[in-house]
Amino acid sequence: MDKKLSVLFVGETTIAQNGSIKGYDLTYSVSYDESYLPVKNMIESLGHTFTHIPCHLAARDFPRTEEELQRYDVILFSDIGSDIFLLLPDMCKSGKRTVNLLKLVREYVGDGGSFGMIGGYSTFQGYEAKGNYKDTPIEDILPVTLLSRDDRVEVPEGADLICDPSRHEILNGFPEKWPYILGYNRLIPKPDADVILTFEKDPIIALGTYGQGRTMAYATDCTAHWAPKDMTDWEYYPILWNRLLHWLAGK
């Protein structure tokens, strides 16, 4: 029986401010979106424990010690920029020295932890390179090198994914033809990366190791718009994620 894992998922929330102009009248509204919920439901349906930290609370709530991080079998970042982990309240408000959370994640992985980054407008480099993970400790541990610019690839006509099931044990029993995606972050595989899924030679799923730990670059998103319902409702989607999580955790 598969081991049940403890997953820390950070990101995939949005606070949006909207404005409406009607003649002379200008009104504003604020909304909050939790796009991580389908991922939570899927991972919990597989029997795993899912702990979530939203984007706006990550600077406050992300663990501050490696001991705290080691409570989790896998840590995933999704659509959350690097500044949130670097501009911590104590430092910004009072000028105190604080822990570098990105270095902390690197230490956690080096000592045997597991880390994955999921694509989007605020991860890897993202929209206008505002994800800004280039030349950070996270790039050190990922199986890919990041571009120095906006790395988004929009594919409105749909990117049809073709899989070679013999490429990796994770893909055993999968069909060759996968649902389409609508975009991804363009990444460059490191020489020792194990790229198990591509689109037009760009890596979509790349696996690697750092120190004693394992890492993953999942170049497309886990939610819309890059991951449409054709992908997230696919019968093999939970199987894929279950196997990715277990591979990361070394189980």
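**Notebook: entries on a predicted model**

**Entry 1. Helix α6**

I began with helix α6 (residues 101–110), which is mostly covered, since seven of its ten residues are buried. I count a residue as buried under 20% relative accessible area, as exposed over 50%, and as partly exposed in between (1.4 Å probe, protein chains only). Helices (H or I, at least four residues) and strands (E, at least two) are DSSP runs, numbered from the N terminus. The model is predicted, so I note that local features need pLDDT of at least 70 and side-chain atom pairs count only at pLDDT 80 or more, while totals for chains, interfaces and linings use all residues. Residues are numbered from 1 along each chain as its sequence is written, and side-chain values use heavy atoms, with hydrogens and water left out.

Which residues of α6 are buried? I listed L101, L102, L104, V105, Y108, V109 and G110. An α-helix has 3.6 residues a turn, so residues three or four places apart point the same way.

I then looked at both ends of the helix. At the start of α6, a side-chain oxygen of N100 comes to within 3.0 Å of the backbone nitrogen of L102. Just after α6, G112 has a positive phi of about 115°.

**Entry 2. The nonpolar core**

I next looked up the largest nonpolar core, which has 76 residues; F62, L76, F77, F115 and I138 touch the most other members. Helix α9 (residues 237–248) gives the largest share of this core, seven residues. Such a core is a set of buried Ala, Val, Leu, Ile, Met, Phe, Trp, Tyr and Cys residues joined through side-chain atoms within 4.5 Å. In soluble globular proteins, nonpolar side chains tend to be buried together.

Leaving aside neighbours within four places in sequence, F62 is in contact (heavy atoms within 4.5 Å) with L8, V10, I53, L57, L69, F77, F85, L101 and V105.

Is S78 buried or exposed? I recorded S78 as buried, because its relative accessibility is 0%. S78 lies in strand β5 (residues 74–78). The side chains of S78 and E12 are joined by a polar contact of 2.7 Å. A polar contact is a pair of N or O atoms within 3.5 Å; within protein, one must be able to donate a hydrogen and the other to accept it, and residues adjacent in sequence count only if both atoms are side-chain atoms. Apart from neighbours within four places in sequence, the contacts of S78 include F9, G11, D221 and C222. S78 and C222 are 144 residues apart along the chain, yet their C-alpha atoms are separated by 8.1 Å.

H52 has its place in strand β4 (residues 49–53). I class H52 as buried because its relative accessible area is 19%. The H52 side chain reaches the backbone oxygen of G11 at 2.8 Å. Neighbours within four places aside, H52 is in contact with F9, G11, T13 and Y36.

**Entry 3. Pocket and cavity**

The search used a 1 Å grid over the protein atoms alone: a cavity is a set of points where a 1.4 Å probe fits but cannot get out, and a pocket is an open set with protein on both sides within 12 Å along at least five of seven lines; lining residues have an atom within 4 Å of a point. Grid points are joined across faces, edges and corners, and a volume is the space filled by probe spheres set on the points.

The largest pocket holds about 190 Å³ of space. Among its lining residues I noted E12, T13, D33, C55 and D79. Strand β2 (residues 13–22) supplies the largest share of this lining, three residues. The lining of the largest pocket has three nonpolar, four polar and three charged residues. Here Ala, Val, Leu, Ile, Met, Phe, Trp, Tyr, Cys and Pro count as nonpolar, Asp, Glu, Lys and Arg as charged, and the others, Gly among them, as polar.

The largest cavity has a volume of about 30 Å³. Its lining has nine nonpolar, one polar and no charged residues, including W178, Y218 and T220.

**Entry 4. Backbone points**

Most residues other than glycine have a negative phi, and most peptide bonds are trans. What is the peptide bond from A224 to H225? I found it to be cis, with omega near 15°. Phi of E128 is positive, near 55°, and phi of D135 is positive, near 65°. E128 counts as partly exposed because its relative accessibility is 47%, whereas D135 is exposed, at 66%.
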